[in-house]
Amino acid sequence: MKSLRSCTSLVFTAFFIPRQGSYASSDYSPTFGSNGFANWGAGTWPPSSVGAPLVPQPTDPETLALLTQLDPVRIQSTIQTLVNFGTRHTASDTTSRTRGIGAARNWLLSEITELAKPSNGLMNVSMPCYLQEAQPSSGMPIAADVCNVQVEIKGAVDSNRTYVYTGHYDSRRLNNSNNVDDAPGADDNASAVAIALEMVRILAPVVAKNPPAASIIIAAVAGEEQGLYGSNFLAQTLKNASVNVQGNFNDDIVGSGSNAPFDPQNQHTIRIFGAGTDYLTLPAEIITEIITTGYQDDTPSRHLGRYVQEVNAGAANTTDMDVALIYKPDRFHRGGDHESFLKAGFPGIRFTEPQEDFYHQHQDPRTQDGVIYGDEIDYVDFNYTARVGRVNLLSLWSIANAPATPSNFTYDVSIGFLASSLTTPADYLENIIKLYWNTEPLDPLLDYYEIWTHMLNVGTQNTIRLPISKDNAVFGLRAVGKNGKKSPATYALAVESEYFGS
Ligand SMILES: [Zn+2]
């Protein structure tokens with residue numbers, strides 16, 4: 001019973017960052033947030049005068065203005081169009097112009113091509129496909145083309161550094177192999193595809209004048225329900241091309257808000273799921289070290305989630321949303337396209353509505369015992385989806401214009417430890433930490449590096465000695481751009497100096 005109770009408490013582990021200011025465009029007042037930057041790294045102990053307490057980074061007015069362009073009417077229109085294709089099962093019809101996944105992807109390609117035109121060619125629209133063989137056990141009764149409809153925006157400063165938004169456009173019924181009957185898939189997952197189209201529409205004229213510093217890919221992927229096929233195809237293609245994917249933002253089921261019987265808090269909250277150590281394709285010795293040094297909550301995926309939470313907190317008057325970080329890779333028995341990126345060794349997080357409505361997911365549309373089932377558009381709140389889209393657009397555009405996350409961040413574990421010889425330097429016997437990181441080549445976007453979680457400007461040097469014991473705090477490092485935008489933080493790996501054990 002004891003272990004069951006502790007599992008239960010974990011389920012409800014969520015972290016909130018309080019918003020600055022109050023809600024401007026709704027009557028909802030946050031009743032939570034008292035945890036502040038609720039993680040052990042920002043506790044009141046150990047006492048420290050190093051740096052300043054973390055406050056959310058602000059967003060420039062130009063970016064905030066983009067967020068207000070997310071249009072619930074357009075989102076409704078996209079979802080309705082996708083629902084009208086009847087089924088978007090990955091192995092459904094590809095010959096009809098009005099029904100099946102073939103018609104759906106052809107419409108997406110032509111629609112996105114049209115939306116991208118104001119970019120003056122700086123948005124590259126494509127539909128790469130591969131032939132997926134039949135997998136009857138996972139819902140593929142026949143072989144079928146799996147096609148992703150995607151937009152690539154080349155970064156102007158570091159084109160290899162790439163951030164990827166994904167939302168799957170395929171849909172399913174209770175019987176995952178049924179590739180014929182209606183599977184409307186409005187919430188799961190036309191809602192995320194509608195956000196993708198809105199981001200392409202809003203960013204097209206922006207990138208024509210000011211392309212982002214790093215590259216962005218916005219993709220509607222297929223084959224999620226049968227085995228994450230499309231996202232795996234995309235992630236592996238990027239990995240094989242040695243693309244430096246620094247993050248995958250995967251929206252899946254982002255449509256239920258006020259149309260479901262949820263309290264106001266849920267209407268203004270988006271969950272982000274981030275994986276811990278076990279999902280990283282890191283060498284075994286590094287995983288062992290992360291576990292040993294307590295950094296399992298500081299994986300690149302979780303720092304990506306924290307990044308979204310912090311940027312949103314600084315712009316919450318515009319997004320009208322809170323971000324709840326769930327320290328799990330996904331919900332129980334569930335999965336999504338971010339896993340394809342994790343398996344490729346890239347950070348990835350999943351955005352999902354706060355309280356799912358299981359009567360309207362994966363269900364065959366029907367009325368049974370007086371209860372209506374089915375993932376129909378009636379159960380999507382377009383204003384909620386637009387608010388989620390604001391968080392996505394804010395995060396994607398901000399991160400692609402921030403400097404890169406610093407690399408090779410380490411600390412010397414021999415400092416603040418027992419003397420090992422008569423010649424152990426005196427300052428190795430202090431309760432301090434000495435941190436190191438890579439500065440070569442210096443990111444042209446960089447203004448200075450900042451220690452996290454307490455904010456400390458450490459200039460453009462590659463090392464710092466701080467009067468905090470390495471044993472008592474979690475240390476991160478992030479890069480601050482000349483435009484004020486900050487990268488996600490990275491954790492410090494322990495290294496042993498030449499004095500250790502000598
Ligand atoms: Zn889904």
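User: What should I know before I start?

Analyst: This is a predicted model, where local features need pLDDT of at least 70, side-chain atom pairs count only at pLDDT 80 or more, and totals for chains, interfaces and linings use all residues. Residues are numbered from 1 along each chain as its sequence is written.

User: Which order do the strands of the open sheet have?

Analyst: Strands of a sheet pair through backbone hydrogen bonds, either parallel or antiparallel. Strands (E, at least two residues) and helices (H or I, at least four) are DSSP runs numbered from the N terminus, and two strands pair if DSSP finds at least two bridges between them. Here the 4 strands run in the order E18-E15-E14-E21, with mixed pairing. Strand E18 (463-466) and strand E21 (493-495) are the edges, each pairing on one side only.

User: How many bridges join E15 and E18?

Analyst: Strand E15 (residues 433-436) pairs with E18 over 4 bridges, in the antiparallel sense. In that pairing, Ile433 stands opposite Leu466 of E18.

User: Is helix H10 buried or exposed?

Analyst: A residue is buried if 20 or more other C-beta atoms, placed from the backbone, lie within 10 Å of its own, exposed if 12 or fewer, and partly exposed in between. In H10, 15 of the 15 residues are buried, so this helix is largely enclosed by the rest of the structure.

User: Where is Asn232?

Analyst: Asn232 sits in helix H7 (residues 229-240). Asn232 is buried because 20 other C-beta atoms lie within 10 Å. Its C-alpha atom is 4.8 Å from that of Ser340, 108 residues apart along the chain.
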